[in-house]
Amino acid sequence: MEEKRHQKSIAVYYDGTCKMCTVFVGAIEDSNQKSVFAIEDAASGPLPENVTRESAMHEMHVIDALGNTYRGADAIFRIMDEYKYLKF
């Protein structure tokens, strides 16, 4: 996973058994920005040292190119930062 993460600028760890999470990740994968993200199902995939499986199954985690970790709503907002046409 580390090699995959280095090729992409943002790593996303999500609960692949959560319907809302899979719909959100599906939207990322169908978008023009998908090349920015390395997406990993926390239910079955490898996780970085600073993310536990229990935590990743409870809330989405994002690690950006600078190594900053975002969880929950902050993770979703970080993902949305890559979509410049989405403004709040």
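Start in the largest nonpolar core: select Val12, Phe37, Ile39, Met60 and Ile79, which touch the most other members among its 14 residues. A nonpolar core here is a set of buried Ala, Val, Leu, Ile, Met, Phe, Trp, Tyr and Cys residues joined through side-chain atoms within 4.5 Å. Buried means under 20% relative accessible area, exposed means over 50%, and partly exposed is in between (1.4 Å probe, protein chains only). In soluble globular proteins, nonpolar side chains tend to be buried together.

Before you move on, a word about what you're looking at. This is a predicted model, where local features need pLDDT of at least 70 and side-chain atom pairs count only at pLDDT 80 or more, while totals for chains, interfaces and linings use all residues. Residues are numbered from 1 along each chain as its sequence is written, and side-chain values use heavy atoms, leaving out hydrogens and water.

Which rings are stacked? Select Phe37 and Tyr83: their ring centres are 6.3 Å apart and their planes are at 10°, so they count as stacked. (Rings of Phe, Tyr and Trp, using its six-membered ring, pair if their centres lie within 6.5 Å; planes under 30 degrees apart are stacked, over 60 edge-to-face, and the rest tilted.) Phe37 sits in strand β2 and Tyr83 in the segment after α4, so the pair ties together parts 46 residues apart in sequence. Both Phe37 and Tyr83 are buried.

Last stop: salt bridges, of which there are 3. Each one is a side-chain nitrogen of Lys or Arg within 4 Å of a carboxyl oxygen of Asp or Glu. Show Arg71 and Glu59, which meet at 2.7 Å, N to O. Then pick Arg78, which bridges to Asp64 at 3.8 Å and to Glu82 at 2.8 Å. Asp64, Arg78 and Glu82 are linked in a network, and Arg78 itself is buried, at 16% relative accessible area.

Notes
Helices (H or I, at least four residues) and strands (E, at least two) are DSSP runs, numbered from the N terminus.
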